[in-house]
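Look at the fold below before reading on.

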Amino acid sequence: MQIQAPCVVSLSWRLEDAHGQLIDNLAEPLEFLVGGDDLFPKVEEALAGQGEGHEMTLHLEPEHAFGDYDAQLVFFEERAIFPEHVEVGMRFEGPPPGSTTPDLPADVIYSVTEVYDTHVVLDGNHPLAGIALVLQIKVHAVREASAEEIENGGVGGESAVSLTDLAPPGATLH
């Protein structure tokens, strides 16, 4: 079967930055929905028409992966609005309660990047935003997608892995 939306592909990959630094190595194949929310459009485009056993290397510029880095998503907030044990790497869905910085998007995950006595630095950028990536992919299998997978926009449940959500654990790459 050739890859075409909607279908499910079983992939393994190696993800590096443009300098060859390893970001993620998915050695055991996992399934992803082509035509859903699991893969970047540029990756789906490259996979289209391919089949089991296909291997490729993709060079993804930031606009084809996690987007450009937006300095306006980095801001300071008073230390007093955070939990007592706030630490670098903590994440908040939307601006933390009590935030005074105007016009911050509510649908962004903000990461604590620095903690000082009087303030905390938050960054709403994805850890891989602004970084060119090299993705080596191997297709292990291709199958038809179920109606449930198509309806859900992905394979698996809440614990499913998605390339579009990938973030290095605890890493701040900027």
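Strands β3 and β8 run antiparallel and pair over six bridges. Within this pair, M56 has I137 in β8 as its bridge partner. Two strands count as paired if DSSP finds at least two bridges between them. Strands here are DSSP runs of E of at least two residues, numbered from the N terminus.

A word on the source. This is a predicted model, in which local features need pLDDT of at least 70 and side-chain atom pairs count only at pLDDT 80 or more, while totals for chains, interfaces and linings use all residues. Residues are numbered from 1 along each chain as its sequence is written, and side-chain values use heavy atoms, with hydrogens and water left out.

Now widen the view. The β3 and β8 pair belongs to an open sheet of four strands, in the order β2-β1-β8-β3, with antiparallel pairing. Its edge strands are β2 and β3 (55–60), and each of them pairs on one side only. Neighbouring strands in this sheet are turned by 25° against each other on average, direction ignored. The axes behind such angles are lines fitted to C-alpha atoms, and angles run from 0 to 180 degrees between N-to-C directions. Strands of a sheet pair through backbone hydrogen bonds, either parallel or antiparallel.

Which residues link up by charge? Three salt bridges are counted. The rule asks for a side-chain nitrogen of Lys or Arg within 4 Å of a carboxyl oxygen of Asp or Glu. Side chains of opposite charge can pair when their charged atoms come close.

Start with R143 and E31. They form a salt bridge, with the closest N and O atoms 3.0 Å apart. R143 lies in strand β8 (residues 133–144) and E31 in strand β2 (residues 22–34), so this pair ties together parts that are 112 residues apart in sequence. R143 also meets E149 in a salt bridge, 2.7 Å from N to O. E149 is buried, at 11%. Buried means under 20% relative accessible area, exposed over 50%, and partly exposed in between, with a 1.4 Å probe and protein chains only.

Another salt bridge joins the side chains of E16 and R14, at 2.6 Å from N to O. E16 is buried, with 13% relative accessibility. R14 is partly exposed, with a relative accessible area of 29%.

Turn to another sheet. This open sheet has four strands in the order β4-β7-β6-β5, with antiparallel pairing. β4 (74–78) and β5 stand at the edges with a single partner strand each, so one side of each is left without a neighbour in the sheet. The twist averages 35° from one strand to the next.

Follow β7 here. β4 and β7 pair in the antiparallel sense over five bridges. E78 stands opposite H119 in β7. β6 pairs with strand β7 (residues 119–123) too, antiparallel and over four bridges. Their bridge partners include E114 with V121 and V115 with V120. A hairpin of three residues joins β6 to β7. Is β7 mostly covered or open? β7 is mostly covered, and four of its five residues are buried.

Next, the second largest pocket. Its space is about 160 Å³. Among the residues that line this pocket are F66, R91, D107, H126 and P127. By class, the lining has six nonpolar, three polar and three charged residues. Ala, Val, Leu, Ile, Met, Phe, Trp, Tyr, Cys and Pro count as nonpolar, Asp, Glu, Lys and Arg as charged, and the others, Gly among them, as polar. A pocket is an open set of points on a 1 Å grid over the protein atoms alone, where a 1.4 Å probe fits, with protein on both sides within 12 Å along at least five of seven lines; lining residues have an atom within 4 Å of a point. Points are joined across faces, edges and corners, and the volume is the space filled by probe spheres set on them.

Last come two backbone details. Most residues other than glycine have a negative phi, and most peptide bonds are trans. D103 has a positive phi near 60°. D103 sits in the loop between β5 (91–93) and β6 (109–115), and is exposed, at 79% relative accessible area. A cis peptide bond joins A5 and P6, with omega about -10°. P6 lies in the segment before β1 (7–17).
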